[in-house]
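Dear colleague,

I am passing on the structure we spoke about, and below it you will find my notes on what turned up. Please read them with the coordinates open beside you.

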Protein chains: 2
Amino acid sequence: MIRNNAGDKLSKNGSRSKGRVTLSDVAKVVGVSAITVSRALNDPEKVNPKLRVRIEQAICELNYVPNRAARSLATSSTQTLAVVIPTISNTVFSNVLKGIYDQTTGHNYEVLFANTYYSLQNEEKVIAKLLAQHPDGIITTGLDITERSKSMLLSANIPLVQIMEVGTGEVIDMSVGFSHFDAGASMAQYLIGQGYRNIGFIGAQMDFRSQRRMRGFISKLAASGLETDKYILTTTTPSDVKLGGQLLADLLANQPDVDAIFCNNDDLAYGAIFECQRRKLRIPEQIAIAGFNDLDASASINPSLTTIRTPLYEIGSSAAALLINTLKGRPNMSKTLDLGFELITRDSA
Amino acid sequence: MIRNNAGDKLSKNGSRSKGRVTLSDVAKVVGVSAITVSRALNDPEKVNPKLRVRIEQAICELNYVPNRAARSLATSSTQTLAVVIPTISNTVFSNVLKGIYDQTTGHNYEVLFANTYYSLQNEEKVIAKLLAQHPDGIITTGLDITERSKSMLLSANIPLVQIMEVGTGEVIDMSVGFSHFDAGASMAQYLIGQGYRNIGFIGAQMDFRSQRRMRGFISKLAASGLETDKYILTTTTPSDVKLGGQLLADLLANQPDVDAIFCNNDDLAYGAIFECQRRKLRIPEQIAIAGFNDLDASASINPSLTTIRTPLYEIGSSAAALLINTLKGRPNMSKTLDLGFELITRDSA
DNA sequence: CAGATGAATGACAGCGCTAACATGATATTG
DNA sequence: CAATATCATGTTAGCGCTGTCATTCATCTG
């Protein structure tokens, strides 16, 4: 049994202790005061190099692990960032989370995350739950938020970054993202420019950002005098590949003359492409398919997918960087960061 | 400004306070002692219902958020579980993480995660980092672990679940997963049974579990007297769809007579299928393709993918359940849970 | 060499909460 | 009705760490 391998040297802790090695256990072994060990850990240059070495040895021998709860209490800083996203099982958000994670690692911050599953009610709950950890900063998804959530975030009095979108709604503190409306419009523009006229849209989940993409898309169709209703098919069911095929099938059943389809996201687009393959519909000759996000497989699928690349990882890392800068007292260039998007034209449209 | 909307009633905190509302602020407003407010929160049935209502009102008015660091220090329980996975950006692990998350939510545990990026060195670092948060329990990936990591985990003296695999190596405390060796063997068995004879394997990343899948696969090939070397192509590059196409192309360049390929995971299999489509190779007539994990798109792709379904979500939720049970003092049936796998035969092989 | 300076270490209190025990009020019992 | 049990609330101390100020001792300066 490795635990407490120096147990005989340890202080007799009160009954409430779990018997873990503490700072003063280390101090006792070395023969210095606790504060000196604390300094050796947090401000190494403030303690004599030789002493420091002895302290480090003792820490290693005793397998001492600092107690962050105690440290947090003493410093009123938890060194954690809270992240509120719709769901971790959507590649979009796991990419964002990776950006956040990579940025915080190396800055000695921990990441606490929670899923809202696209519900503003859940969001209130998880915000309350996360704030109870007193994170030093918080990242939430989207600009649509309940008054209660907003009030909680404000009274937490910590820096906040709302991610994924800019240019719509009120920003509480800071924000990083891009314009979903413009992205949708930009895809419509492209498809129109390619000569398509019976242009459709299929969407699942239809959260606020999907809706804005759709509105941007439709606005351009309208501006060109194209049909803005009959080629649109959406559902609030969560998005997946299979659903893309089903939506395409449903749309074709009612509107067989549709000649181009913008899919809410790449997953749906994959499903749509697979369905076209089964129906021996030639893409893009008979029907064009476009997606959104430029996921991993989009460049490899046949035909390769025309889509919009969104800076998911960068949104995460920038949001975390904004928080960390703010927490370190460094001023940020701007409170709102528009990272844009990029139309990637490939073979499918 | 919403913060401290009842600031005038608040105690004059010492200079070290951040001016947040505390338990005793609430107590003062209600006119009771701090411990009573604490009980109202943690043991509501122990305080008079009328008083409880007044306390709850005060909490709401003051926007009081409990300080978990202080609570942790007092109770030596953090109500957090730590999770060590290779990378969040692999769908496999985001599914696992979702299972963990869903299980912990509702049991009032927070989840802290860290990525090792498939490096045992990194793993040591992140384990140390996570243990500094004194989680109540910890989940790590795989049974291959350094002595130092093991020693840290042991001296933390908290329940541990090693996930993803069983039946190989030493389990430190508990484990949940399935046998990768058997899964690989099972796929070989199936392909042999289907009449394929020049059976290959392509793999990326080639972490310990991938290696065991490959060894299980090869062992069956050997048992049937089939070639176990020339149709094998692996790389340690991280896996993605595009790479699947490249590996297939490389393998075909050297061994054009390969008639079936087991891909390390579904991503590679997608890439391989796409490459076959571009080469107009008919699947499964000219070449059979099989995958691993049964991701979302596998049922929809053309041809639909024969693969092995792995209980990713269940591994996560079971691991979290094991920890929570242990922490609540409830005995677990078994320290090791083999959740098995399922061969899903579809059109590609 | 008195006085000033700086480097290294220590003493003490307090961060916000809760475990453990103490107290007082009310209900219950033979 | 005294003895006892029960319920509701309070007092005290301490969880492990660090901010702040104090102390010690070596070094430097004119």
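The model is predicted, so local features need pLDDT of at least 70 and side-chain atom pairs count only at pLDDT 80 or more, whereas totals for chains, interfaces and linings use all residues. Residues are numbered from 1 along each chain as its sequence is written, and chains are lettered from A and ligands numbered from 1 in the order in which they are written.

The contact between the chains takes 51 residues from chain B and 50 residues from chain A, where two residues are in contact if their C-beta atoms, placed from the backbone, lie within 7 Å. On the side of chain B that touches chain A, the largest share, six residues, comes from helix 5 of chain B (helices are DSSP runs of H or I with at least four residues, strands runs of E with at least two, numbered from the N terminus). Of the interface residues of chain B, 98% are also interface residues in chain A, so the copies meet through the same surface.

Chain B also holds an open sheet of four strands in the order 7-6-8-9, with parallel pairing; strands pair if DSSP finds at least two bridges between them. Strand 7 (232-234) and strand 9 (288-290) of chain B stand at the edges with a single partner strand each, so one side of each is left without a neighbour in the sheet. Strand 6 (residues 199-203) and strand 8 (residues 260-263) of chain B run parallel and are joined by four bridges, and B:Ile202 has B:Cys263 in strand 8 of chain B as its bridge partner.

Finally, the largest nonpolar core has 108 residues, of which A:Val83 and B:Val83 touch the most other members. Such a core is a set of buried Ala, Val, Leu, Ile, Met, Phe, Trp, Tyr and Cys residues joined through C-beta atoms within 7 Å, buried meaning that 20 or more other C-beta atoms lie within 10 Å of a residue's own. Apart from it lies another core, of 101 residues, including A:Phe181 and B:Ile199.

Best regards

Definitions and conventions: A residue is buried if 20 or more other C-beta atoms lie within 10 Å of its own, exposed if 12 or fewer, and partly exposed in between; C-beta atoms are placed from the backbone.
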